[in-house]
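Hi,

Here is the structure I said I would pass on. My notes follow below it.

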Amino acid sequence: MKSLKSTTRETVAAYGFLLPNFLGFMIFTSLPVLASFLLSFTKWDLLSGPPSFVALRNYIQLLGEPKFWFYCWNTIYLMLAIPVSMAGSLVLALALNQKLKGLVFFRTVYFLPTISSGVAIYILWTFIYNPDFGMLNAMISKFGFLLGLELHGPNWLHDKDWSKPALIIMNIWQTVGGYNMILYLAALQGVPRDLYDAAEVDGANGWQKFWAVTWPQISPTTFFIAIMSIIGGFQAGFDPAYIMTGGGPEESTTTIIYYLYNEAFKWHHMGYAAAIAWVLFLIIYLFTLMQWRFYGKTVHYY
Amino acid sequence: MVIHTNIQSREQAEAQAKVLAVKQLKRQQRQRQILKKIGVYLVLGIGAVSMIAPFLWMLTTSLKEPGSVYSFQRRWWEEWLPLSFYWKNYVNAFYVVPFGLFYLNSIFVVLCTTACQVATSALAAYAFARLHFPGRDKIFFAYIATMMIPGAVTMIPVFILLRYLGWIDTYRAMILPAAFSAYGTFMLRQFFLTLPKDLEDAAKIDGCSYLGIFWRIILPLSKPALATLTTFTFMGTWMSFMWPLIVMNTHKKFTLPIGLAYFKSLHGTDWTLLMAGSMMMVFPILLVFIFCQRFFVEGIKLTGIKG
């Protein structure tokens, strides 16, 4: 009898603890997910009358839209930053892992671009890429001057062939010393020392030690970073493009999420935008599944 | 005797040669180590310079007189080092747009969001980690499942909801949707699970209520995890751009990120002014980071490993 009473007491207490978060979760996450799913089968401009049911027409229109595929291509193209940035993160982490003086200093400096990312940084890079006053083209010209050549940097953000590389370079700068480098550093510190000792006994040089010991040992981290970056990459590209290029020139920097923003909040095509969101979700879901299949064996959520 | 000394001197010579060889080997090793050290520092140094250079350029430009942004006549260090101090750019930035208001708005929104998110996450995480109630695992699974749904999916219905409630262009519209986080709940629950249970059991026997246990035992033991979540939420909200852009219209209610974007749309080519504005946004966050670095690094490791 008493234990029954204490169980009830625990249940009541538990619901009390849960309530504030659960309410917010229902109102701002789980019900909107449902609503967004239903909305994706309707046509609604938010102003005139209630949404009208159009079945799968939003999805059919979206997948048959060449522009959508072009924006997908842009999004994937911009993800070229991921492998380069990851390689850079690994090199920096390897260098930091040498137990030299000044580790905290370097780690702090490398983290600065990540920590201050945002509008200020995009404005700064708009200036850096400016063809007349920007530091990048000035440096290219000076470098050419030293070589006795007349070099002119491209008109980065206003040239549809250079706008994406420009965003990629900036993205590498932002991410190379950030989260991924710290994850790599933690992984490197977790590699058992005796594996290196054994390799040394076998006469392996530094390069061989890296490929035979380090690389396989940190491969779970590499996999984790790659999947998370790809998942992030599909949702990325709004902030920098909005500030720096406005999605142009010739829509060369419009990504999936930018397209969604335009459809939803510029043109008020709410149903169509919801369909974009769900296609985006499907893509991300595939990559999450890959990650769960890989980690399912080692990570326990319960 | 002669032979003896001969042998002795030969032994001595051999020993000497050995010592020399070892010394040389050691010297070679040391040289290689020094070379390696130089190489590593070179990599680190190049990395550091390329990270800092744009910031330096930002600072220098923000202190230049308008109209003297770049010229080929100057020497390179005059281009890079802040040699002129035209502080008026910072003052002028405040005249062009209400920067002071942007600051206050940002601080208000960030504090409210962070406090709400950390509090509700901690409460719910305690229920998930320690209490038994019907439907616990199902609800928790729903939380985890929504973590992989992109924000883009919920953005549209939440906007419609806020519009229906008439909350568009209010601080509530920026704060409330970000005040509850499945991710924060998940992270804190994982941390609470690692805490030893003995203390709680002892407190329970002494007749301590659940709220008492939560307040006096769980929270004090979880300071590092709470600090990590606070830091992450703080930084994330400070930089949040897309959502405020969607729900806010009145300039006076803008937070710094959208305020700065608005500033750029007004004065897109006044680079000295723009750099001064950007400096003002970056500077506080750098300060916070330098003080909270530890929580950041620990937090990344924690979440990175837990997946």
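This is a predicted model: local features need pLDDT of at least 70, side-chain atom pairs count only at pLDDT 80 or more; totals for chains, interfaces and linings use all residues.

Chain B has 14 helices and zero strands.

Overall form of chain B: the radius of gyration is 30 Å, whereas a compact globule of 307 residues would come out near 19 Å. Its C-alpha atoms fill a box of roughly 110 × 75 × 35 Å along the principal axes. Of the 307 residues, 37% count as buried. Among contacts in chain B with a separation of 6 or more, 76% join residues 24 or more positions apart.

Next, the interface. 72 residues of chain B are in contact with 72 residues of chain A. On the chain B side, helix α14 (residues 271-306) gives the most, with 16 residues. That side has 56 nonpolar, eleven polar and five charged residues.

Then the core. The largest nonpolar core holds 152 residues. Those touching the most other members are I123(A), L260(A), A273(A), I276(A), A277(A), Y126(B) and I156(B). Helix α4 (residues 99-130) of chain B supplies the largest share, 13 residues. Domain 1 (2-80) and domain 2 (92-306) of chain B each give at least three. Beyond its neighbours within four places in sequence, A273(A) is in contact with L260(A), E263(A), A264(A) and I156(B).

Last, helix α4 (residues 81-96) of chain A. It has 16 residues and reaches 22 Å from first C-alpha to last, close to the 22 Å expected. Its buried residues include I82(A), M86(A), L90(A) and L96(A).

Best wishes

Definitions and conventions: Residues are numbered from 1 along each chain as its sequence is written. Chains are lettered from A and ligands numbered from 1 in the order in which they are written. Two residues are in contact if their C-beta atoms, placed from the backbone, lie within 7 Å. Helices (H or I, at least four residues) and strands (E, at least two) are DSSP runs, numbered from the N terminus. Ala, Val, Leu, Ile, Met, Phe, Trp, Tyr, Cys and Pro count as nonpolar, Asp, Glu, Lys and Arg as charged, and the others, Gly among them, as polar. The expected span of a helix is 1.5 Å times one less than its number of residues. A residue is buried if 20 or more other C-beta atoms lie within 10 Å of its own, exposed if 12 or fewer, and partly exposed in between; C-beta atoms are placed from the backbone. A nonpolar core is a set of buried Ala, Val, Leu, Ile, Met, Phe, Trp, Tyr and Cys residues joined through C-beta atoms within 7 Å. Domain bounds come from an automatic or database domain assignment. The radius of gyration is taken over C-alpha atoms; the globule rule is 2.2 Å times the number of residues to the power 0.38.
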